[in-house]
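Let's take a walk through this chain together. Have the sequence and the 3D view open as you read.

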Amino acid sequence: MSLLKLLIFHPILMLSAFTGTAHGYYTYTMYDCVYSTSDYSDMVYLNSYSFNQVVDLQFNSSVGKYVGYTEQGVKFAENFNKDPAIMQQQKAEVDRFCRHNAQIWDSAVRDKSVKPKITLRSARQAGGSRPAVLVCSAYEFYPKKIKVSWLRDGKEMTSDVTSTMEMADGNWFYQIHSELEYTPKSGEKISCMVEHASFSKPMITDWDPSLPEGERNKIAIGASGLVLGIIIAAAGLIYYKKKLILIPECLFTLRSNSPPCW
Ligand SMILES: *[C@@H]1O[C@H](CO)[C@@H](O)[C@H](O)[C@H]1NC(C)=O
């Protein structure tokens, strides 16, 4: 349920020193703010120095000092930790940088979530030994992070579930589709559960095993057509009969025992 709550942002400073060969070296410093509560009480500030993919040293605001992880990093950490100006500045970053920016980022991005439109449909009905297939889709949501899962009588089903990746619509919105293959049992309840930052609790859509809307519409259109046809036929028949009776010549011919005029 704590989906999307872990937001990390890291402006990265990068320096590349190329050696003239096809290969290069990559040294970078990262500033991370890690938190999972909306009041930022668990905010942790990290400042890491890395070379290629190896972290040499890192300041962790929960620890309150730099810790070296490589021979070189240990030396740097010792020197940084001895410098009161650096330490004072680093210890202030969790407030000055993280809590301050988290407010700006959350109101500009995280809090601008858009609820997904959820549809649940049958892609294949069960027949013989073939299982049925249901598709649960979520459309036009933001941000990207989402979780779609299936429940049978409230318990999560994990087998025979295939999901697409979140797909970008190209307009900041995303869509995702999840398929469930299952053998229907009477009395059970199949549901699709969607978890997204825009919901305060998981959104559960129950599958209605009665005829899907598309089928219901076809039957309704067919039935309306049949009723309309019967009405028109009946009206035509009545009109036809009345016309015979109301034509004076016919009435006359009928009376005079000559052959009828139809
Ligand atoms: C930061 O330090 C705390 C306390 O030691 C630890 O629990 C946490 O995992 C550290 N964070 C990282 C990203 O290393």
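The paragraphs below go from confidence to a sheet, a valine, the aromatic pairs and an annotated region.

Keep in mind that this is a predicted model. The mean pLDDT of the chain is 85, with 83% of its residues at 70 or more. Where pLDDT is low, the predicted coordinates should not be read in detail.

Next, find the open sheet made of four strands in the order 10-9-14-15, with antiparallel pairing. Strand 10 (155–157) and strand 15 (203–206) are its edges, each pairing on one side only. On average, and ignoring direction, neighbouring strands here are turned by 40 degrees against each other. Strand 14 (residues 190–196) is joined to strand 15 by four bridges. If you pick out cysteine 192, you will find its bridge partner, threonine 205, in strand 15.

Now move to valine 44, which lies in strand 4 (residues 44–51). Is valine 44 buried or exposed? Its relative accessibility is 18%, so it counts as buried, the cut-off being under 20%. Leaving out residues up to four places away in sequence, valine 44 touches several others, among them Asp32, Cys33, Asn60 and Cys98. Val34 is also in contact with valine 44; the two are ten residues apart in sequence, with their C-alpha atoms 5.2 Å apart.

The aromatic side chains come next: the whole structure holds 13 aromatic pairs. In one of them, tyrosine 25 and phenylalanine 51 are stacked, at 5.6 Å centre to centre and 25 degrees between the planes. Because tyrosine 25 lies in strand 3 (residues 24–35) and phenylalanine 51 in strand 4, this pair ties together parts 26 residues apart in sequence. Tyrosine 25 is partly exposed at 40% relative accessible area, and phenylalanine 51 is partly exposed at 37%. Phenylalanine 141 and tyrosine 174 form a tilted pair, with 6.4 Å between centres and 35 degrees between planes. This pair links strand 8 (residues 132–141) with strand 13 (residues 174–182) across 33 residues. Phenylalanine 141 is buried at 0% relative accessibility, and tyrosine 174 counts as buried at 19%. Elsewhere, ring pairs build a cluster that includes Tyr31, Tyr45, Phe59 and Phe97.

Finally, look at residues 219–240, listed as "transmembrane region" in an unreviewed UniProt entry. In the model this segment is 100% helix, and its end C-alpha atoms are 31 Å apart.

Definitions and conventions: Residues are numbered from 1 along each chain as its sequence is written. This is a predicted model: local features need pLDDT of at least 70, side-chain atom pairs count only at pLDDT 80 or more; totals for chains, interfaces and linings use all residues. Side-chain values use heavy atoms; hydrogens and water are left out. pLDDT is the predictor's confidence in each residue, from 0 to 100. Two strands pair if DSSP finds at least two bridges between them. Helices (H or I, at least four residues) and strands (E, at least two) are DSSP runs, numbered from the N terminus. Axes are lines fitted to C-alpha atoms, for helices over the stretch in contact, and angles run from 0 to 180 degrees between N-to-C directions. Buried means under 20% relative accessible area, exposed over 50%, partly exposed in between (1.4 Å probe, protein chains only). Contact means heavy atoms within 4.5 Å. UniProt positions are given in the numbering used here, feature names are shortened, and annotations may be inferred rather than shown by experiment. Rings of Phe, Tyr and Trp (its six-membered ring) pair if their centres lie within 6.5 Å; planes under 30 degrees apart count as stacked, over 60 as edge-to-face and the rest as tilted.
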